Amino acid sequence: MARVVKKPEVRKEELLDIAIKLFMEKGYINTSVKDIYTQANGSFGMFYHHFASKEEIFEATMAKYTDLFVSGISEILQDKRIPYPERYKRVLIHWMGLMNGRDKVRGTRHDVEVFRTMSGKMLSGAIEPVRSYLDEGIEQGFIKTDDSHSSAIFIVYGTFGLLNEERSRIGSNDNALQIFAEVSKRIAAMLDAGENIFNFAEEG
């Protein structure tokens, strides 16, 4: 059987996609370089042609994961086939998936630095899709705000801050649904929204 030769950029993206999957499934510590290149039908040399170490591909996968997270939020909020209130709920569920994945990939000495950068990029990247979503809500008469940009910043950073504070307090994401429910009530009050627009029951 003839060996399939792929372009370097294709190979690199393939390694990144496989690494994301393995890091999320097995965690950082339990994923080896061999695990990654074996699933790519590659070799030791092929891997190290693209990445200098496991930590380097970890950082690259987290950057890509960040981009996927932001694009995921944008796609959900802009999909007008989904009812306006439902889009909000789906974004919170999307966010929950990120949080759960975050815990699995701990274990590198660059952990704090990597995730500080990743979180900042995620939050800043989420502001514009949220602002656009709020503008749509204003046009449809669902919500009221004089400054959708500032409201978007408050929602994005406020939600993250509350989740992060609670996570630091109890050491897990167990209270995330409760926080989402409480945050949703505050968002609804801030935007003078109907009770069903930003409703997020604790049972999910």
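Residues are numbered from 1 along each chain as its sequence is written, and side-chain values use heavy atoms, with hydrogens and water left out.

**View 1. The whole chain and its confidence.** The protein chain has 8 helices and 0 strands, where helices (H or I, at least four residues) and strands (E, at least two) are DSSP runs numbered from the N terminus. The accessible surface, from the Shrake-Rupley method with a 1.4 Å probe and, for residues, with only the protein chains shown as cover, comes to about 11300 Å², of which 52% belongs to carbon and sulfur atoms. The mean pLDDT, the predictor's confidence in each residue from 0 to 100, is 83, and 81% of the residues reach 70 or more. Confidence is lowest in helix α5 (residues 84–104), at a mean of 78, and highest in helix α2 (residues 33–39), at 94. Where pLDDT is low, the predicted coordinates should not be read in detail.

**View 2. The largest nonpolar core.** A nonpolar core is a set of buried Ala, Val, Leu, Ile, Met, Phe, Trp, Tyr and Cys residues joined through side-chain atoms within 4.5 Å. The largest one holds 55 residues, of which L15, I36, F47, I57, L134, I143 and F198 touch the most other members. Helix α4 gives the most to this core, with 9 residues. Leaving out residues up to four places away in sequence, I143 touches Y84, L134, G137, I138, L191, A193, I197 and F198, a contact being heavy atoms within 4.5 Å.

View 3. Rings of Phe, Tyr and Trp (its six-membered ring) pair if their centres lie within 6.5 Å, and planes under 30 degrees apart count as stacked, over 60 as edge-to-face and the rest as tilted. By this rule the count comes to 11 aromatic pairs. The rings of F44 and Y48 have centres 4.7 Å apart and planes at 45°, so this pair is tilted. Both residues lie in helix α3 (residues 44–50), 4 residues apart, about one turn of the helix. F44 is exposed, with a relative accessible area of 53%, whereas Y48 is partly exposed at 35%. The rings of F47 and Y48 have centres 5.0 Å apart and planes at 75°, so that pair is edge-to-face, and F47 is buried, with a relative accessible area of 0%. Ring pairs link F44, F47, Y48 and F51 into a cluster.

**View 4. A lysine over a tyrosine ring.** K54 lies over the face of Y28, at 4.3 Å from the ring centre; a charge sits over a ring if NZ of Lys or CZ of Arg is within 6 Å of the ring centre and within 35 degrees of the ring normal.

**View 5. I82 in the loop between α4 and α5.** I82 has its place in this loop and is buried, with a relative accessible area of 9%. Apart from neighbours within four places in sequence, I82 is in contact with I76, R87 and R90.

Note on methods:
This is a predicted model: local features need pLDDT of at least 70, side-chain atom pairs count only at pLDDT 80 or more; totals for chains, interfaces and linings use all residues. Buried means under 20% relative accessible area, exposed over 50%, partly exposed in between (1.4 Å probe, protein chains only).
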